[in-house]
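Here is a friendly walk through the model you have open. Keep the viewer beside you as you read.

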Amino acid sequence: MTDVMATIGDSISQYGYGALFGLFFLGILGMPLPEETLLVFSGFLVSTGKLSYWPTLLVCFLGSVTAMTAAYWIGRTLGFAFLERYGKRLGMGYTLYKKTEDWFNRVGKWALPLGYFIPGVRQFTAYFAGITRLPFPTFMIYTYLGGLFWSVLFVTLGWQLGERWEAVFDLISRNLAIFFIALLVIIAGVSYIRRKRNMKKRMQEESK
């Protein structure tokens, strides 16, 4: 990890904020880059005076939400068309797709902001939002607010920790991931229980 950060640090020192934007954009789209570590490392560079706080925060935020938006439209245009054409061959019938779409519109939208804090999840949530055709305004609200909070938290953390960022970061990021996974499970559970109650109530009303 030290070697990776050294390479990334050299790229940022040489190409500035453009390199930072590009790294976040490619990482969110799916390239194997440690985005959270990069956020905190960027904050550390702020503490050393190599970067300025507000431009760093803005570039990290824009890099992440631009990539998420691109992934959404890729999923909405190419992914949806792919499933419509080849879904049956892959064993994904229309019924399964509609159930997935219904789930994402009810619960999955919360995976957009919470997924930022879960490594391996944030790279896929925007694609699935596009494939299931989550309304774009809804996507923007959940994704952009989540991206803003994610960027502010970790850049500020690296800025305040300074030289200690590497020693403390792993513990903090791991606990945050567990917390947000648990929160997403709770939201899904509450939504499931509420849906079952509504279905039961509807059946009782129809039987009268």
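## Helices α3 and α8

In this predicted model, α3 and α8 cross at roughly 50°, and their axes come within 6 Å. The two helices are therefore oblique to each other; angles under 35 degrees count as roughly parallel, over 145 as roughly antiparallel, 65 to 115 as roughly perpendicular, and the rest as oblique. Axes here are lines fitted to C-alpha atoms, for helices over the stretch in contact, with angles from 0 to 180 degrees between N-to-C directions. The crossing of α3 and α8 is right-handed. A crossing gets that name if the near helix is turned clockwise from the far one by less than a right angle, and is left-handed if anticlockwise.

Which residues make the contact? On the α3 side they are E35, E36, L39, V40, G43, F44, V46 and S47, and on the α8 side W150, S151, F154, V155, G158 and W159. By class, this contact of α3 with α8 divides into 8 nonpolar, 4 polar and 2 charged residues. Contact means heavy atoms within 4.5 Å. For the classes, Ala, Val, Leu, Ile, Met, Phe, Trp, Tyr, Cys and Pro count as nonpolar, Asp, Glu, Lys and Arg as charged, and the others, Gly among them, as polar.

## Helices α2 and α3

Helix α3 (residues 35-48) also packs with helix α2 (residues 17-29), at an angle of about 160° and with the axes 10 Å apart. That makes α2 and α3 roughly antiparallel to each other, and their crossing is left-handed.

Here L20, L23, F24, G27 and I28 of α2 meet E35, L38, L39 and S42 of α3. The tally for this contact is 6 nonpolar, 2 polar and 1 charged residues.

## C60 in helix α4

C60 belongs to helix α4 (residues 53-86). Is C60 buried or exposed? With a relative accessible area of 0%, C60 is buried. Buried means under 20% relative accessible area, exposed over 50%, and partly exposed in between (1.4 Å probe, protein chains only).

Leaving aside neighbours within four places in sequence, C60 is in contact with L20, F24, L39, S42, S151 and V155. Among these, L20 and F24 also take part in the α2 side of the contact with α3, while S151 and V155 are on the α8 side of the contact with α3. The C-alpha atoms of C60 and V152 are separated by 9.1 Å, although the two residues are 92 apart along the chain.

Helix α7 is largely enclosed by the rest of the structure, because 7 of its 10 residues are buried. Those buried residues are R122, Q123, T125, A126, A129, G130 and I131.

R122 lies in helix α7 (residues 122-131), and at 4% relative accessibility R122 counts as buried. Not counting residues up to four places away in sequence, R122 touches I28, E35, E36, M68, G115, Y116, F117 and W150. F128 is also placed in α7, but at 42% relative accessibility F128 counts as partly exposed. The C-alpha atoms of F128 and K109, 19 residues apart along the chain, are separated by 9.7 Å.

Just after α7 comes R133, with a positive phi of about 55° although R133 is not a glycine. R133 sits in the loop between α7 and α8 (136-161) and is partly exposed, with a relative accessible area of 36%.

## D170 in helix α9

D170 is found in helix α9 (residues 165-207). At 44% relative accessibility, D170 counts as partly exposed. D170 and E36 are 134 residues apart along the chain, and their C-alpha atoms are separated by 9.9 Å.

## The whole chain

Stepping back, the chain has 9 helices and 0 strands. Helices (H or I, at least four residues) and strands (E, at least two) are DSSP runs, numbered from the N terminus. Of the 208 residues, 42% count as buried. Among contacts between residues at least 6 apart in sequence, 80% join residues at least 24 apart.

The chain exposes about 11,700 Å², with carbon and sulfur atoms supplying 66% of it; accessible areas come from the Shrake-Rupley method with a 1.4 Å probe, and for residues only the protein chains shown count as cover.

## Notes on the model

Residues are numbered from 1 along each chain as its sequence is written, and side-chain values use heavy atoms, leaving out hydrogens and water. In this predicted model, local features need pLDDT of at least 70 and side-chain atom pairs count only at pLDDT 80 or more, while totals for chains, interfaces and linings use all residues.
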